[in-house]
Amino acid sequence: MRYPELLYTIKGINRLQSIMPRKPASSLRLVEPVRTPRDAPSTTDQIVESITSAIVEQRLMPGTKLVEQQIADVFSVSRTVVRQALNQLSRSRLVTLLPARGAFVATMSAEEARQVFELRRLVEGGMARELAARITDAQIAQLRAHLQDERDAVKRADVSGRTRLLADFHVILARLLGNEVLAELIADLLSRSQLIALMYQSGHSAEHSQSEHIEIVQALEKRDGRAAARLMEQHITSVERNLRLDPRTPDLAAVLRPRH
């Protein structure tokens with residue numbers, strides 16, 4: 001896969017940021033949209049957030065049919081509003097709209113999954129390198145607090161909570177750079193990564209991810225950009241390698257042979 005280098009470097013993304021208003025770095029929930037304090041979430045936004053959160057936290061499986069009327073009843077809105085939300089989710093490729101059949105939680109091919117992880121390595125490795133050069137002690141303390149939340153969720157076997165927190169970690173790093181464009185991009189990629197994990201039976205444990213996050217923060221605390229980038233890329237590669245993207249082709253003779 002080859003893309004213009006501009007799209008994959010943090011400097012390139014920062015050029016996009018230069019034409020947009022800057023916002024202070026702060027913690028970001030993965031499914032929380034970027035908006036100014038004066039903005040109130042619309043009902044459409046609430047539906048988008050709810051469905052995205054359910055996918056990320058593995059409460060909605062790939063291929064699940066999203067019935068418009070049921071969603072409309074939950075949020076006490078018209079089906080037109082629901083349709084707007086589903087169209088928005090379709091643009092972010094979390095939902096597939098099929099003519100005469102309706103909306104479904106998206107599925108993803110093995111090749112698309114590989115492309116997602118390739119993009120994550122390129123983007124997040126550069127992000128970690130740049131963050132190491134400018135991170136503050138207060139931001140390190142914020143990351144340490146987040147790691148403790150991750151650790152607590154893992155210990156109490158809070159599946160949805162730990163899934164959200166482990167994903168939030170990556171978006172928070174982008175937010176610490178003050179780059180909302182990057183934060184939105186990573187949030188989108190992480191949502192797709194959760195779909196991939198559901199489809200291809202990830203064997204990467206939450207404990208393993210949490211320990212890898214600790215190593216990344218340690219490198220950031222040392223302001224070691226090379227190590228931070230390497231550890232981030234290794235972390236993403238480790239997650240990808242634990243997916244069953246290449247299932248073995250069954251031996252039909254062995255599978256179909258009558259049992260005695």
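Reader: To start, is R134 buried, partly exposed or exposed?

Author: R134 is partly exposed, with a relative accessible area of 41%; buried means under 20% relative accessible area, exposed over 50%, and partly exposed in between, using a 1.4 Å probe and protein chains only. Please keep in mind that this is a predicted model, in which local features need pLDDT of at least 70 and side-chain atom pairs count only at pLDDT 80 or more, while totals for chains, interfaces and linings use all residues. Residues are numbered from 1 along each chain as its sequence is written, and side-chain values use heavy atoms, with hydrogens and water left out.

Reader: Which residue does R134 form a salt bridge with?

Author: The partner is E130, with the closest N and O atoms 2.4 Å apart, where a salt bridge is a side-chain nitrogen of Lys or Arg within 4 Å of a carboxyl oxygen of Asp or Glu. Both residues lie in helix 6, 4 residues apart, which is about one turn of the helix; helices (H or I, at least four residues) and strands (E, at least two) are DSSP runs numbered from the N terminus. E130, for its part, is buried, at a relative accessible area of 17%.

Reader: How many salt bridges are there by that rule?

Author: The count comes to 11. E68, R79 and R83 are linked in a network of salt bridges.

Reader: And D137 with R223, what does that pair tie together?

Author: D137 lies in helix 7 and R223 in the loop between helix 10 and helix 11, so the pair ties together parts that are 86 residues apart in sequence. The closest N and O atoms are 3.0 Å apart; D137 counts as exposed at 59% relative accessibility, whereas R223 is partly exposed at 35%.

Reader: Changing topic, which residues touch the most other members in the largest nonpolar core?

Author: They are M127, L143, L173, I186, I196 and L220, out of 43 residues in that core, where a nonpolar core is a set of buried Ala, Val, Leu, Ile, Met, Phe, Trp, Tyr and Cys residues joined through side-chain atoms within 4.5 Å. Helix 6 gives the most to this core, with 10 residues. A second, separate core of 20 residues includes I51, A54, A85 and A106.

Reader: What is I186 in contact with, leaving aside its neighbours within four places in sequence?

Author: With contact meaning heavy atoms within 4.5 Å, I186 is in contact with V123, E124, M127, H170, V171 and A174.

Reader: What about the sheet, in which order do the strands come?

Author: The 3 strands form an open sheet in the order 1-3-2, with antiparallel pairing; two strands pair if DSSP finds at least two bridges between them. Strand 1 (65–66) and strand 2 stand at the edges, each with a single partner strand, so one side of each is left without a neighbour in the sheet. Strand 2 and strand 3 pair over 4 bridges, and L97 has A103 in strand 3 as its bridge partner.

Reader: Last one, which phi value does R93 have?

Author: Phi of R93 is near 65°, which is positive although the residue is not a glycine. R93 sits in the loop between helix 5 and strand 2 (95–98), and it counts as exposed at 54% relative accessibility.
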